[in-house]
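Hello,

Here is the structure I promised to pass on to you. Please keep in mind that it is a predicted model. My notes on what turned up follow below.

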Amino acid sequence: MSVKEKQTKTTVFPKRTSNKSTYAAGKKKPDSHLRCDVESTGYFVVKQRALPEVLLKVVEAKRMLESEKAHSVQEAVDKVGISRSSFYKYKEDIFPFHDTTEGKTVTMTVQMDDQPGLLSDVLKIIAVFGANILTIHQSIPINGVASLSVSVQVLSTTQDMSAMIDRVERKEGVHYVKIIAKE
């Protein structure tokens with residue numbers, strides 16, 4: 001996997017609450033800078049490049065165990081270079097985006113150039129990955145740039161959503177892809 005691919009992968013992980021927070025018990029109001037949808041789900045969508053290296057290594061160790069490239073937790077953590085305590089601390093808190101999306105609707109916005117065939121190419125990528133397109137809305141292009149909002153249903157046959165988003169983002173003429181909702 002190239003450095004570019006590693007930097008654009010998207011990972012979802014639960015929001016950690018500190019022991020000092022009593023918000024879950026309803027005794028403390030959420031911080032004003034947090035949006036209500038984050039508070040209700042407990043998840044954030046974060047680009048891989050923004051994650052600490054230890055979290056990425058936990059994901060890699062979990063993959064090694066699942067694929068039987070490592071036969072024990074000790075072997076997996078030794079191969080990726082983290083401690084067993086780090087693995088056990090974070091193993092339930094981080095997982096690839098695709099692992100949590102089956103049966104969900106993912107809505108994303110795509111900023112892209114106004115070029116003939118580009119919308120078709122983006123939709124083709126989504127179709128190739130097997131996601132069911134539910135809604136599409138493209139804004140009127142301003143200064144040669146259009147915004148596309150697309151909602152897709154993730155089926156059991158849908159391939160890796162992170163790879164799909166990465167492929168769309170790497171398409172020439174696409175400026176960026178942002179996930180705005182996951183229901």
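Let me begin with the packing. The largest nonpolar core holds 22 residues, and Ile126, Val152 and Met164 have the most contacts inside it. Two or more residues each come from strand 4, helix 6 (118-128), strand 6, helix 7 (161-170) and strand 7. Apart from this core lies another one, of 16 residues, with Val58, Val59, Ala76 and Ile82 among them.

Setting aside neighbours within four places in sequence, methionine 164 is in contact with Met108, Ile125, Ile126, Phe129 and Ala131.

Next, the strands. Strand 4 (residues 105-113) pairs with strand 6 (residues 145-153) in the antiparallel sense, over nine bridges; there, threonine 105 has glutamine 153 of strand 6 as its bridge partner. Strand 4 also runs antiparallel to strand 7 (residues 174-182), and seven bridges join these two. In that pairing, alanine 181 of strand 7 stands opposite threonine 107.

Finally, have a look at helix 4 (residues 73-80), whose buried residues are Val73, Ala76, Val77 and Val80. Because these four cover an arc of only 90° around the axis, they sit on the same side of helix 4. What do they pack against? The partners of the buried residues of helix 4 are helix 3 (53-66) and helix 5 (84-90). Just after helix 4 comes glycine 81, with a positive phi of about 85°.

Key
Residues are numbered from 1 along each chain as its sequence is written. This is a predicted model: local features need pLDDT of at least 70, side-chain atom pairs count only at pLDDT 80 or more; totals for chains, interfaces and linings use all residues. Side-chain values use heavy atoms; hydrogens and water are left out. Two strands pair if DSSP finds at least two bridges between them. A nonpolar core is a set of buried Ala, Val, Leu, Ile, Met, Phe, Trp, Tyr and Cys residues joined through side-chain atoms within 4.5 Å. Buried means under 20% relative accessible area, exposed over 50%, partly exposed in between (1.4 Å probe, protein chains only). Contact means heavy atoms within 4.5 Å. The arc is that of the directions from the helix axis to the C-beta atoms.
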